[in-house]
Amino acid sequence: GRPSIGFDAGRIGVGIHKDSRMFQAVEFSRMKKYLDTCEEKPLVVVASDTWKRYEQIGGKFASGYAAASVYTTIAQELGANEAVYFSGVTEGRTSQFREGEWCDGSGEEFLFRVGNTFIILPPDNGRLGGTSLAPFQEFTARELGYDTEIAVVTLDDVRKRNIDAAFLIGNAVELSPVGKIWHYHGKPDRST
């Protein structure tokens with residue numbers, strides 16, 4: 001269920017009129033999974049140096065969906081399950097920016113594991129901050145006997161095998177292991 005607050009359709013115009021009635025509701029629907037692999041196997045994700053989040057996100061914005069759907073379509077046309085972003089946020093951070101820093105997926109959060117610790121990316125790197133990650137961090141990881149830590153993870157960390165495992169987690173996604181990351185310089189296509 002998702003809470004929904006809005007205004008009845010009233011007079012035509014820009015903005016909300018004082019005579020517009022407000023409604024509140026909880027909408028229930030059977031959401032389709034963002035990632036439908038049809039098999040019990042690790043995900044293949046596509047990353048590009050040009051796919052970056054450049055600002056800190058304080059909520060879901062409609063403008064973010066257009067690029068995400070284009071990138072996801074490109075990833076799926078290449079035979080992958082999902083597109084993922086790097087961080088491009090350098091200003092106003094408390095965490096230290098590092099080149100090649102992972103951010104999130106088109107509709108999910110990244111989660112990494114090193115030994116007995118799940119690494120959660122810093123909230124100021126441009127990641128969306130999905131509602132599935134917080135309960136995982138606060139409850140699930142502890143119940144399973146894992147520690148959690150907030151830290152920056154980069155492409156080099158993955159390449160140097162400093163990371164034991166990578167996952168995507170989101171509202172309509174279970175904890176999904178990432179098996180392969182296809183990294184591209186520039187726009188991904190079949191010839192590169």
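Visitor: What share of the contacts in the protein between residues at least 6 apart in sequence join residues at least 24 apart?
Guide: The share is 68%, where contact means heavy atoms within 4.5 Å. This is a predicted model, in which local features need pLDDT of at least 70 and side-chain atom pairs count only at pLDDT 80 or more, while totals for chains, interfaces and linings use all residues. Residues are numbered from 1 along each chain as its sequence is written, and side-chain values use heavy atoms, with hydrogens and water left out.

Visitor: Which residues does H183 touch, apart from those up to four places away in sequence?
Guide: H183 touches A47, D49, F86, L155 and R159. The C-alpha atoms of H183 and S48 are separated by 5.7 Å, although these residues are 135 residues apart along the chain.

Visitor: Why is the pairing of the H183 and D49 side chains called a polar contact?
Guide: The term requires a pair of N or O atoms within 3.5 Å; within protein, one must be able to donate a hydrogen and the other to accept it, and residues adjacent in sequence count only if both atoms are side-chain atoms. The H183 and D49 side chains make their contact at 2.6 Å, so the pair qualifies. The side chains of H183 and R159 are also joined by a polar contact, of 3.1 Å.

Visitor: What percentage of the 192 residues is buried?
Guide: Buried residues make up 39%; the word means under 20% relative accessible area, with exposed over 50% and partly exposed in between (1.4 Å probe, protein chains only).
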